[in-house]
Amino acid sequence: MLKRVHFPPSVLPYLLVAPQVAITIVFFIWPASQALYQSLLLEDAFGLSTKFVWFENFTALFSDDQYLDAFKRTFVFSLSVAVVSMSAALLLAVMADRVIKGTTAYRTLLIWPYAVAPAVAGALWMFLFDPTLGIVAYVFDMLGYTSWNFRLNGNEAMVLVVLAAAWKQISYNFLFFLAGMQAIPKSLIEAAAIDGAGPGRRFWTIVFPLLSPTTFFLLVINMVYAFFETFGIIHAVTKGGPAKATEILVFKVYNDGFVGLDLGSSAAQSVILMAIVIGLTVIQFRYIERKVEY
Amino acid sequence: MAQVEIKGVEKVYPNGFKAIHGVDIDIAEGEFVVLVGPSGCGKSTLLRMVAGLERVTAGTIRIGERVVNDLEPAQRDIAMVFQNYALYPHMSVFNNMAYGLKIRGMSKAEIADRVQKAAEILELSSEQLTRRPNQLSGGQRQRVAMGRAIVREPSVFLFDEPLSNLDAKLRVQMRVEIKKLQERLGITSIYVTHDQVEAMTLGHRLMVLNEGNVEQLGTPIELYEKPASQFVAGFIGSPSMNFMDARIGAGGDTVELPGGVSLPLDGAGGREPGRAVVLGIRPEHLEATTGSDVASLRVDLVELLGADTLIHGHFGDDKADMTVRLQGTSTLRPGDLYPCAVDPAHLHLFDPDSGRRI
Ligand SMILES: Nc1ncnc2c1ncn2[C@@H]1O[C@H](COP(=O)(O)OP(=O)(O)OP(=O)(O)O)[C@@H](O)[C@H]1O
Ligand SMILES: [Mg+2]
């Protein structure tokens, strides 16, 4: 336990946190409460009258197969993004840890994708894989895989958005994995080498277990990212299509609310998303305390 | 068990720093050799080259019959105890010790058997075997680290300052245990320390390193009685040897201190009269005497240690601070004169420029 230091009462601390509190209220609490309130209303199609309907929007959602499908899809999507992105990042981090010359250049280059805006990243991947223009599609063609068309094939569309979303997150994961690996005392690896473990075995029995707090932290962060921050990518690449194959929850909120103008249902969906993110954050905070000691 | 032969070994780090300038030593089977020297002299570097954790720049290292220069640590049949113990934090104590055995594909029953035996030798209870390293005290962790080395039954043990993280009392206790253990198992050992007491008590032979050079290699008693250089003389023995600038007397059979004091030398030759030398005298060799015409030390400070008394003082006008160790308690007070004599056999002369023994 840390000892708390006591200061005489003063208004200064309150003044200092005031801007932060104000920002939180204006940009988070207030819209959140609006969404909460809106989720209990039902508005007619022309926006002329609203009715207070309690939890009808929610019950309607959970009996809606389309919504449940979107839920499953989102789960598959975020887990795939997390797994793909973290595996790639881990591999890069392992290699970066071994690099001796040009370390800084290598690391800096690996961080660049993080600076690319989601929509731009999406556009980039869309062009690469475009069935008629894309260079990757061209390569697929040459390799004999001529039917590639993510605009028609739902699974291919899903693979593409997963790749695009995962790619953007690699830098972030890479930084954490690299820092995590460098925090592992070198003598542990040396001890394992003397004990007879080869590089692969050292990685799986020593490094990887010791990285588990980092891995868990990143898993949650990546899930949250895939849930909420991939809107731009999906919007740029597939717009949720084809036939809703890539419509994840956030995208459905937008589609139902701003395209379909079903504001009540859309608000109810955002409230559910809010609950999910709060849940993930709680898990995060509860378990992140359990750090491994060296 | 195996002998270790180190021949002309040098180490240049990738940044161009030359850490080891050529070391030669033959270590016999079952011998306990201690590498000792001040911080940064290259002890760990040399040990890590034997372990295979650093590449050898020049020379050869042989363990048993094999040249191991290009072998992986795993292939060298060695075990190492690290200064920070390097226990795997996510494994139980049992698994820490069993790790190397599992990798060698030993059967479960034999692993359990060996770990059990090691635990008994090191007095680790079976309950402690189930704990994680961070649930153990420093001394217990140290034992686990030793255990991990023992179970492997390697042909060479390497120790890199294994006791330096322990408190003084535990250090003495573990020192004795390491000594007993090594004698019992008879495994060739190389032990790095910068603590000269550890070095003197543990080693069959000591190698004193200074800035990557071997200053002297010999038994503890050889190093104590015939230090090859002023560096070794000052390093071995506690409190350390007194040094003062002096000159060989006109007859070549005495040594003259600046304060006008002259001490007789024993008969060895090679001492041209008038030559400048550094005279070294160990604190325990400045013995009290009653005879006339002796050197007298002016007492500046008295330290009572219980079993011994340390007296700090100086000869006549000479500024050099001298330390004297007397047995028991002494009644001397600051300002007193302490008449003393030194057996000529206990006078050490060094060349002021090269620092080598004359
Ligand atoms: N990786 C390295 N690159 C360059 N120089 C190094 C490297 N490792 C050690 N050195 C240098 O080599 C010299 C010897 O280092 P070493 O670790 O062997 O010292 P030591 O005798 O074990 O000291 P200590 O008692 O402090 O552990 C030191 O001057 C150190 O700065
Ligand atoms: Mg060292």
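Residues are numbered from 1 along each chain as its sequence is written, and chains are lettered from A and ligands numbered from 1 in the order in which they are written. Because the model is predicted, local features need pLDDT of at least 70 and side-chain atom pairs count only at pLDDT 80 or more, while totals for chains, interfaces and linings use all residues; side-chain values use heavy atoms, with hydrogens and water left out.

In chain B, an open sheet is formed by five strands in the order β15-β19-β16-β17-β18, with antiparallel pairing. Strands are DSSP runs of E of at least two residues, helices runs of H or I of at least four, both numbered from the N terminus; two strands pair if DSSP finds at least two bridges between them. The edges of the sheet are β15 (287–288) and β18 (322–327) of chain B, each pairing on one side only. Strand β16 (residues 295–304) of chain B is joined by four bridges to the antiparallel strand β19 (residues 337–341) of chain B. B:Leu297 stands opposite B:Tyr338 in β19(B).

Ligand 1 is surrounded by 13 residues (a heavy atom within 4 Å). The closest are B:Ser39, B:Gly40, B:Lys43, B:Ser44 and B:Thr45. Helix α1 (residues 43–51) of chain B gives the largest share of this shell, three residues. A backbone N or O atom of B:Gly40 lies 2.8 Å from an oxygen atom of ligand 1, and a polar side-chain atom of B:Glu161 lies 3.1 Å from an oxygen atom of the ligand. A polar side-chain atom of B:Tyr13 lies 3.3 Å from a nitrogen atom of ligand 1.

Over all chains, 22 salt bridges are found (a side-chain nitrogen of Lys or Arg within 4 Å of a carboxyl oxygen of Asp or Glu). B:Asp351 forms a salt bridge with B:Arg275, with the closest N and O atoms 2.7 Å apart. B:Asp351 lies in the segment after β20 (347–350) of chain B and B:Arg275 in the loop between β13 (262–264) and β14 (276–281) of chain B, so the pair ties together parts that are 76 residues apart in sequence. Salt bridges that share partners join A:Lys186, A:Glu190, B:Lys11, B:Arg48 and B:Glu54 into one network.

Technical notes:
Polar contact = N/O pair within 3.5 Å; in protein donor to acceptor, adjacent residues only side chain to side chain.
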